[in-house]
Amino acid sequence: MIGVVLFTFIAFIFSILIVFLNGYLFNKDEKLSKIEEMLPGYNCGSCGFGSCKGMAEAILNDKEAVKKCRPLKDKEKILKYLGE
Ligand code: SF4
């Protein structure tokens, strides 16, 4: 009987962990896609991140990175999206 209770408890803890991680990762992917959509999409690499996707990842880690994209006219739109 104690084995069933223990197994149920462990399964419950793992399910909470999976739901939490899934929500965190999904939210990050969604933000990355949204930021990438707002970038010019030239993939010129002049920002130093190799591509617009690389730049989107950099912006997620540091909002100030958005300033390195010279072709981007509306930097405020991305900063506003990130909650500036
Ligand atoms: S400078 Fe801008 S357009 Fe060029 S790769 Fe970087 S984010 Fe994309």
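For the chain, the mean pLDDT comes to 92, with 99% of the residues at 70 or more. Where pLDDT is low, the predicted coordinates should not be read in detail.

This is a predicted model, in which local features need pLDDT of at least 70 and side-chain atom pairs count only at pLDDT 80 or more, while totals for chains, interfaces and linings use all residues. Residues are numbered from 1 along each chain as its sequence is written, and side-chain values use heavy atoms, with hydrogens and water left out.

Next comes helix 1, which spans residues 2-38 and holds S15. S15 is partly exposed, at a relative accessible area of 34%; buried would be under 20%, exposed over 50%, and partly exposed is what falls in between (1.4 Å probe, protein chains only). From S15 to C47 there are 32 residues in sequence and 41 Å in space, C-alpha to C-alpha. K28 also sits in helix 1, and with a relative accessible area of 39% it is partly exposed. K28 and I10 are 18 residues apart in sequence, and their C-alpha atoms are 27 Å apart.

On to the ligand. Around it are P40, Y42, N43, C44, G45, S46, C47, S51, C52, M55 and C69, each with a heavy atom within 4 Å of it. That shell has seven nonpolar, four polar and no charged residues, where Ala, Val, Leu, Ile, Met, Phe, Trp, Tyr, Cys and Pro count as nonpolar, Asp, Glu, Lys and Arg as charged, and the others, Gly among them, as polar.

The ligand takes up the space of the largest cavity, meaning that more than half of its atoms lie within 2 Å of the grid points. A cavity is a set of points, on a 1 Å grid over the protein atoms alone, where a 1.4 Å probe fits but cannot get out, and lining residues have an atom within 4 Å of a point. One cavity of 30 Å³ or more is counted, and the largest has about 90 Å³ of space, taken as the space filled by probe spheres set on the points, which are joined across faces, edges and corners. It is lined by 13 residues, with N43, C44, C47, C52 and C69 the closest to its centre. By class, the lining divides into nine nonpolar, four polar and no charged residues.

N43 belongs to the loop between helix 1 and helix 2. N43 has a positive phi, near 50 degrees. Most residues other than glycine have a negative phi. At 45% relative accessible area, N43 is partly exposed.

Definitions and conventions: 1 Å grid on protein atoms, 1.4 Å probe; cavity = no way out; pocket = protein on both sides within 12 Å on 5 of 7 lines; lining within 4 Å. Helix = DSSP H or I, 4+ residues; strand = E, 2+ residues; numbered from the N terminus. pLDDT = per-residue confidence, 0-100.
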